[in-house]
Structures are given as structure tokens and as C-alpha cells.
Amino acid sequence: MAQKPLRLLACGDVEGKFDILFNRVRAIQKKSGNFDLLLCVGNFFGSTPDAEWEEYKTGIKKASIQTYVLGANNQETVKYFQDADGCELAENITYLGRKGIFTGSSGLQIVYLSGTESLNEPVRGYNFSPKDVSSLRTMLCTTSQFKGVDILLTSPWPKYVGNFGNSSGEVDTKKCGSALVSSLAMGLKPRYHFAALEKTYYERLPYRNHVVLQENAQHATRFIALASVGNPEKKKYLYAFSIVPMKLMDAAELVKQPLDVTENPYRKSGQEASIGKQIPAPVEESACQFFFDLNEKQGRKRSSTGRDSKSSPHPKQPRKPPQPPGPCWFCLASPEVEKHLVVNIGTHCYLALAKGGLSDDHVLILPIGHYQSVVELSAEVVEEVEKYKATLRRFFKSRGKRCVVFERNYKSHHLQLQVIPVPVSCCATDDIKDAFITQAQEQQIELLEIPEHSDIKQIAQPGAAYFYVELDTGEKLFHRIKKNFPLQFGREVLASEAILNIPGKSDWRQCQISKEDEETLARRFRKDFEPYDFTLDD
């Protein structure tokens, strides 16, 4: 028999507006049935007079649900929380304590941390320290059976929680929040993490707690920040959810990944921050700014903003991009590049028609500097690669085509992202996916489907050989190359009868045309692509 889920409510900063909160809870319970608990994060008490609180404290009024709250976040409200280990503040209202683990009779495990971050010892009554975070982790994470906790309650947001996720609105998660809370969330792997203090509502896309293809699957985490009770903007301050305690769940059901799951935001720095230190923000490499305009001013160099370098008497001297150890056919500054095939140039990447392409509009996305694979790209280059992919999808969609993107990091020295448009009339995306999987099975290639929001950098290490394909739906298939791999595999699948039905074009060397014809195709593509050219916006 399936375990009946608990029905819980979480709330943001109450700030002394107890009547508004509990009246709202009563209305919700009248409409939707009773809830088991109310969990409050942020400032439970405010700067308002104590008259309203006195009615609850003395029993004149009673909370309409069993309520658990976090402690003070400022000196003004420390007086309400006399016992650091927690205590009952009023009937049905319990202060959890400075830090600890609350386990309900159902087995639900809630970890709580009161206050705001302080790196100085001794801490004040409304702060937590690196030692507090370390002790919580030690209590839980040192056992071999530890998988995570059901719920984490903190008042501050975790720093960097917005990485890889949906927009957090006006809150800059690279500047706001606590790095210690980020470290705690990274270690405890809560299924739900609630926070407040920023006066806004933010429900981040769920994120995974394991590295795809490198670690066994684990449950996802949902971070929810809640607004203040009774805020005039009517931002969400109450969050209702149902949960079955982790220890009572079937293992397969627990690790089931939501469709919109993303990478772990706290792994962006490349490694977890050590306790007591700030999580370092990712260091991004300076841009290469040496390229050629493709307009009438042939040969004039331009800056990364797209303006002529003549316009600035003191041009900034950028760091040079990675250089190849020898001649490279794809580094834009290299004399080996066939520049007549280049159709668009950005700040960090450029587009070129594929030599011997599967179609007249088969293009490559290439980094201007020398990078071997997507895994080795700096953050700013990745950002522009994604911008080019999104733009090409829109461009081809307007022409009745969907595009397939693939990379083969095997027996190649410079990243080439192949972008091949497939007419919508030819086949559906599922047909393309099935064709790749079928041909992979026939050639004994293990082609695995990876989550839509996954980052290749989390799956493959620099220097590792791999092949991956990305469909227009965002679905991705990945193969880790261990020994040998057919060099034309991606082309063979797309040229097959199931897709483009041009099997004779599976080898690019059989598809070469004259330089004059290549120049004609390049001019046509530049003209057609111009309305979509984001580099002209600079």
C-alpha cells in the first residue's frame, strides 16, 4: 500500500502579521482540507508593536495549524528567542532552534539553520558561522547510508542558486545570498529548500544532485524563495506541497528526474566550496577580438562590440585566445582558413558553410580561438555558442526546417559544431532520434539519452573523446568513445533514407564543389541570414 503523503505549507517573512497569515491558512484549509504543518522561514517577528503577538502568546488567539519557525535575523528580534535549542513560543507555534534536525513521527526529516551568515567568531544571536554549517554536515553526511534530507529551511538564499536556472528576477544570485548556505545545500541534498528575506517569490527549476553518466542517479532538489506575508504586490508568500518522507519511498521513484531538471547551480565553480570559504565565482576568459568584417569594408578589423577600432583612440588590449600548437584549418586568424566559406562572425565564434555539406545551408559553429571541444570552452564562448544555436533554430524554422546539431570530439583538433537543417516535411524529430539510436545499435555504439538541461561539461572531462547530438526539442544523445568510432557517423544517419534520403552524401569528400560555387552559396546564406544576425545589434 502506497504511503499517504504529508500535506505541508511553507511561508516567507511573516514580519509580525500573524492575523493575516493564520486567517489565510484557515481559508486555504476550509477550501482544500487540512494541512499537517506550516514551516516559516525569514523574519517571523517584525518591527510592529507587540499587541498582536501578545494575543497569541497569552492564548487569546491560536494558530490555526502546527507552526514551526526559524530564529532571529537581526538584533531587534533576538529577544523573542530565549532558548537556543528551541522552545514553544505560543500554542501551536514552535521555535525550532539555532540549528538542527527535526524528524517527525512520519520519518520526515527537516534540517534547519536560523539567522544570517557571519564569518566572525563568536557569532551574535542572530548569525550562523562556518562551524554551525560544518557541524550540521558532519551530523548527517558522514554516514555511508546518507542520501539526503527531505527539507532544508534557511532564511538567506543560497548564493549562486540562479546558475543554470530560470531567471531570479531582480535578485542577483551572484551577489546576494549566503555561500555557506550554498555549501550546506550542496552537501545535504534536500528535496525541498525554502528561504526568504529578499521580499520576492522565486521557484527555481529543479536541479540534480549527481553528475550524469559519472554517478548513480539521485533525487532532484527544488529551491523555493517566498515573499513577505501580506505584501502589496501580492507576490506569493505561501507554498503548498505534498511529500512522502524519503526513507519511505521506492528508490526508483525517488530518483526519477523531472523533465525540466537542470545542472546543480553550486557546481559552477568546478568544485564545491570548502566550509568557511566563499564559493568562488567562475572566472571567465577575456574575448578574442581579432576578426574580419564581412561587409564592404573588407579587411578592416573591428572590436568585440562590432564598432570599428578607429573609433577609439585607446583600444582595450584583450587577452589573446588559445593558440594551436601548429597549423589549424579552423582558427579564424590562421592562413589555412578558407575565408570565403565564413558567413558570420561574432565576438567569440563564427559561422561557416560546411565544405562538402549535406545541403546548401549546412553550417558549422566554430570558436574563433583554438578549442578542441565544447567541454574546453570558456563561459563566454559557451554563451555565444548557445546564442548561435538558438538563432539558427529560428532562422531554419522560418524556412520550414528543423536543425540537428552534433559534435564529434574524436580525431579532430578544433571544435566543429555541425548544424544540419532537415525539412519538416521529411520527418518528425522522433524519427531523427530513432534513426540515430537504431544505427548506433547496428554499429554497437552505446548512444545514451541525457537530460535536456544537462551540461556536457558535467558529463565529459577535458580531453575525453565523445560524440553527441542535440535535436530541435533540446533532447540530447551522448556516446563516450572508448576505442574506435566511425568518423562519418553523424552524416551517415542524417543522409540515410530515413531522414534526408541522400546516402551518397555521407562522406563530405564526395560532395565537394568548386570554389566559385562555394562563394555563391556563402553570399546567398549571408543575405538570407542577415535579418537574424544578432551581431548587428552591437
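**Close-up views of a predicted model**

View 1. Glu15 is partly exposed, because its relative accessible area is 22%, and buried would need a value under 20%. This is a predicted model. Glu15 sits in the loop that links strand E1 (6–11) to helix H1 (18–32). Its phi is positive, at about 50°, although Glu15 is not a glycine. Most residues other than glycine have a negative phi.

**View 2. Gln444, an exposed residue with a positive phi.** Gln444 has a phi of about 55°, a positive value, and is not a glycine. The loop around Gln444 runs between helix H7 (429–442) and strand E21 (448–450). Is Gln444 buried or exposed? Gln444 counts as exposed, because its relative accessibility is 75% and the cut-off is over 50%.

View 3. The bond that joins Glu121 to Pro122 is cis. Its omega is near -5°. Most peptide bonds are trans. Pro122 is placed in the loop between strand E8 (116–117) and strand E9 (127–128).

**View 4. Helix H3 and its buried side.** H3 has 12 residues, so at 1.5 Å a residue it should span 16 Å. The C-alpha atoms at its ends are 16 Å apart, which agrees. Buried residues of H3 are Pro130, Asp132, Val133, Leu136, Arg137 and Leu140. These residues lie on the same side of H3, because they cover an arc of only 165° around the axis. What do the buried residues of H3 pack against? Their partners are strands E6 (99–103), E7 (109–113), E9 and E10 (149–154), together with helix H4.

**View 5. Helix H3 against helix H4.** Two packed helices are described by the angle between their axes and the distance between the axes. Here the axes of H3 (residues 130–141) and H4 (residues 179–188) come within 10 Å. They cross at roughly 0°. H3 is therefore roughly parallel to H4, since angles under 35 degrees count as such. Which residues make the contact? H3 contributes Pro130, Val133, Leu136, Arg137, Leu140 and Cys141. H4 contributes Leu180, Ser183, Leu184, Gly187 and Leu188. By class, the contact has 8 nonpolar, 2 polar and 1 charged residues.

Definitions and conventions
Residues are numbered from 1 along each chain as its sequence is written. This is a predicted model: local features need pLDDT of at least 70, side-chain atom pairs count only at pLDDT 80 or more; totals for chains, interfaces and linings use all residues. Side-chain values use heavy atoms; hydrogens and water are left out. Axes are lines fitted to C-alpha atoms, for helices over the stretch in contact, and angles run from 0 to 180 degrees between N-to-C directions. Helices (H or I, at least four residues) and strands (E, at least two) are DSSP runs, numbered from the N terminus. Angles under 35 degrees count as roughly parallel, over 145 as roughly antiparallel, 65 to 115 as roughly perpendicular and the rest as oblique. Contact means heavy atoms within 4.5 Å. Ala, Val, Leu, Ile, Met, Phe, Trp, Tyr, Cys and Pro count as nonpolar, Asp, Glu, Lys and Arg as charged, and the others, Gly among them, as polar. Buried means under 20% relative accessible area, exposed over 50%, partly exposed in between (1.4 Å probe, protein chains only). The expected span of a helix is 1.5 Å times one less than its number of residues. The arc is that of the directions from the helix axis to the C-beta atoms.
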